[in-house]
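Trainee: Please give me a close look at one part of this model. I would like to hear about the surroundings of the ligand.

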Amino acid sequence: MKNKDVADILERMGTLLEIKGEIVFKTRAYLKAAETIKYLPEDIETVRKENRLTDIPGIGKALAEKIAEYLDGGVMTAYQELIKEIPEGLLEVVDIPSIGPKKAKLFFEHLNIASVADLRKAVEGEKLQGLAGIQERTIAKIVRGLKIVQEGQARMNLGVATKVAEEFISILRKLPAVKEIAAAGSLRRGCETVRDIDILVDSTRPQEVMDVFVHLPQVKSINAHGETKSSILTKDNVQVDLRVVDSNSFGAALLYFTGSKDFNIKLRQIAIKKEMLVNEYGIFSVSARQEKMLAGKTERDCFAVLGLPFIPPEMREEFGFGELVVDQKIPTLIELSDIQGDLHVHSTWSDGHDTIAQMAQKARELGYQYVAVSDHSPRLRVAGGVSPEDLKKKKKEIDTINKKFEDFYVLFGTEVEIDTQGNLDYNNKILSEFDIVIAAIHRGFDQSPQQLTKRLVKACQNKYVHVIAHPTGIHIGKREPYRFDFKEVCAAAIDHKVFLEINAFPVRLDLNGANVYRARQYGVQFVINTDAHRTDHMDFMRFGVTTARHGWLTKKDVLNTASYDELMKSLKK
Ligand code: DGT
Ligand code: CA
């Protein structure tokens with residue numbers, strides 16, 4: 001399946017043409033075609049073989065020829081010609097927050113900056129100063145952008161990490177030599193970002209497992225190839241470490257390599273008091289003259305000999321440890337199957353790809369009782385916000401769809417803009433007509449923490465607002481969270497019965513686990529939403545649930561675990 005490769009090269013082409021300064025009409029065509037092919041439900045190579053490329057929406061004769069050339073011979077002449085003129089390195093330059101195609105072009109033409117490394121050097125050598133339209137403020141933003149990207153490249157989001165790990169695990173699991181296999185590390189703990197992937201295997205034939213692992217087609221380079229530990233880099237530069245242990249130590253190793261480091265330290269302290277020793281091979285008694293192994297086969301056994309209940313991996317963070325020690329009761333954490341609906345999805349009424357009917361169909365396939373189609377408001381023009389006139393038509397469409405179902409409900413929602421003063425983009429009369437109102441900030445991130453706090457608090461005070469979406473505004477690897485008084489916003493949310501969102505979209509995961517944990521301690525209630533812009537995105541719910549678990553949430557902390565009737569009661573303020 002070459003769909004992703006074709007989509008990638010078309011997207012790169014579109015972006016390079018943007019940098020070159022081509023007309024929007026032309027660049028858009030490439031970007032749109034890339035998006036279409038990325039989500040094409042069939043194999044692009046089959047489409048090519050059957051000469052149906054021009055049947056794909058948005059693909060004309062010229063584009064089809066380029067795609068065919070690429071599929072048949074592995075090169076696209078037009079792309080090769082273009083990168084002679086506009087270096088490929090600029091694709092990474094435009095990915096730096098606050099740098100768009102125009103600035104990339106300016107830097108390239110005037111300073112010959114053709115890569116992120118060039119840009120970094122130019123910034124350090126103060127070469128950007130004095131360029132037309134580039135002020136000190138802009139340079140400061142670029143410096144910050146470079147830093148975010150560097151950190152983002154060092155850590156991938158939970159969605160990417162899960163995909164890579166599951167791919168390796170599903171292949172290795174099939175080997176006869178593998179008895180058990182599991183991911184460990186930050187991924188298993190449900191952290192929103194992951195530096196590298198740790199996989200653990202139970203086997204008595206480690207060499208066999210290692211040989212298969214390091215020679216998989218996904219592997220770009222081998223960092224280490226040992227008897228019980230190997231480490232590779234995938235073609236997408238993700239580091240995957242594989243360790244093999246035997247059955248007697250599998251539980252102890254899983255416990256050890258799941259971490260967190262802080263959690264391991266606390267466990268060792270508990271063990272010392274009981275005259276025990278904990279390491280990746282097992283738990284040992286050190287009181288007798290001879291060391292005796294007490295547990296190691298399963299994690300549960302290890303916890304038990306330490307006198308502890310089983311602590312779910314998501315709860316093994318430093319931030320929760322105080323509570324764990326004081327009160328040994330482990331809450332029953334929320335599960336994906338507890339979720340009864342998604343309250344923040346978009347449709348073609350704003351910037352979504354799919355219709356309300358298609359989103360509803362997907363929600364039904366997921367076994368949900370309800371979905372709220374919460375499109376943007378007009379001020380977010382880039383996202384095609386819905387005008388007050390169109391809201392009436394949208395509502396009618398929802399009513400018609402709802403007539404078809406007896407046990408499923410589409411809610412009339414909105415993701416309304418909180419403007420720079422904290423006012424909402426629809427008036428109260430309009431807001432009162434929605435089933436659910438989600439308020440969100442999409443601009444003015446640079447305001448003072450006081451002003452940002454004021455905006456969020458004011459939104460909570462509006463009696464029609466039910467939810468604050470992606471409360472910190474983070475975009476993993478692209479944008480830092482905006483600064484505001486978290487505690488004050490939590491207090492306002494509690495006072496006005498507003499739910500804080502755990503946005504499950506992998507580049508957001510906002511609130512993250514640590515913030516959820518904090519907000520929960522204050523007494524906040526939550527909702528887990530995908531912010532889906534197409535049906536496939538609704539599958540991201542699992543990452544939101546993992547994040548909720550990482551913040552210790554139970555079913556009752558989360559609005560959308562409620563049945564439809566309970567939900568509607570909760571939404572009546
Ligand atoms: P990451 O990869 O930065 O997202 O986070 P982790 O937690 O996956 O960290 P990693 O991959 O360095 O190590 C995996 C686990 O192995 C870690 O959570 C705890 C354990 N571990 C690694 N090194 C040490 C160590 O020096 N001491 C202790 N106690 N545990 C360690
Ligand atoms: Ca790791």
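Mentor: The C-alpha centres of domain 1 and domain 3 lie 49 Å apart. The bounds come from an automatic or database domain assignment. They divide the protein chain into domain 1 (3–154), domain 2 (156–245), domain 3 (250–327) and domain 4 (336–570).

This is a predicted model, where local features need pLDDT of at least 70 and side-chain atom pairs count only at pLDDT 80 or more, while totals for chains, interfaces and linings use all residues. Residues are numbered from 1 along each chain as its sequence is written, chains are lettered from A and ligands numbered from 1 in the order in which they are written, and side-chain values use heavy atoms, with hydrogens and water left out.

Now the ligand. Both domain 2 and domain 3 give residues to the shell around ligand 1, so the ligand lies between them. The shell holds 16 residues, each with a heavy atom within 4 Å of the ligand. The closest are Arg155, Ser186, Arg189, Arg195 and Asp196.

Next, the polar contacts (pairs of N or O atoms within 3.5 Å). Arg189 places a polar side-chain atom 2.9 Å from an oxygen atom of ligand 1. Arg195 uses a polar backbone atom, 2.9 Å from a ligand oxygen. At Thr258, a backbone N or O atom lies 3.5 Å from an oxygen atom of ligand 1. Taken alone, ligand 1 exposes 600 Å², and the protein buries 77% of that. These areas come from the Shrake-Rupley method with a 1.4 Å probe.

Which elements give two or more residues to the shell? They are helix H11 (185–189), helix H13 (250–258) and helix H14 (261–273). Helices are DSSP runs (H or I) of at least four residues, and strands (E) of at least two, numbered from the N terminus.

Look at the links beside these helices. A cis peptide bond joins Gly259 and Ser260, with omega about 0 degrees. Ser260 sits in the loop between H13 and H14. Past H14, the loop to strand S8 (276–279) holds Glu275. Glu275 is not a glycine, yet its phi is positive, about 55 degrees.

Definitions and conventions
A polar contact is a pair of N or O atoms within 3.5 Å; within protein, one must be able to donate a hydrogen and the other to accept it, and residues adjacent in sequence count only if both atoms are side-chain atoms.
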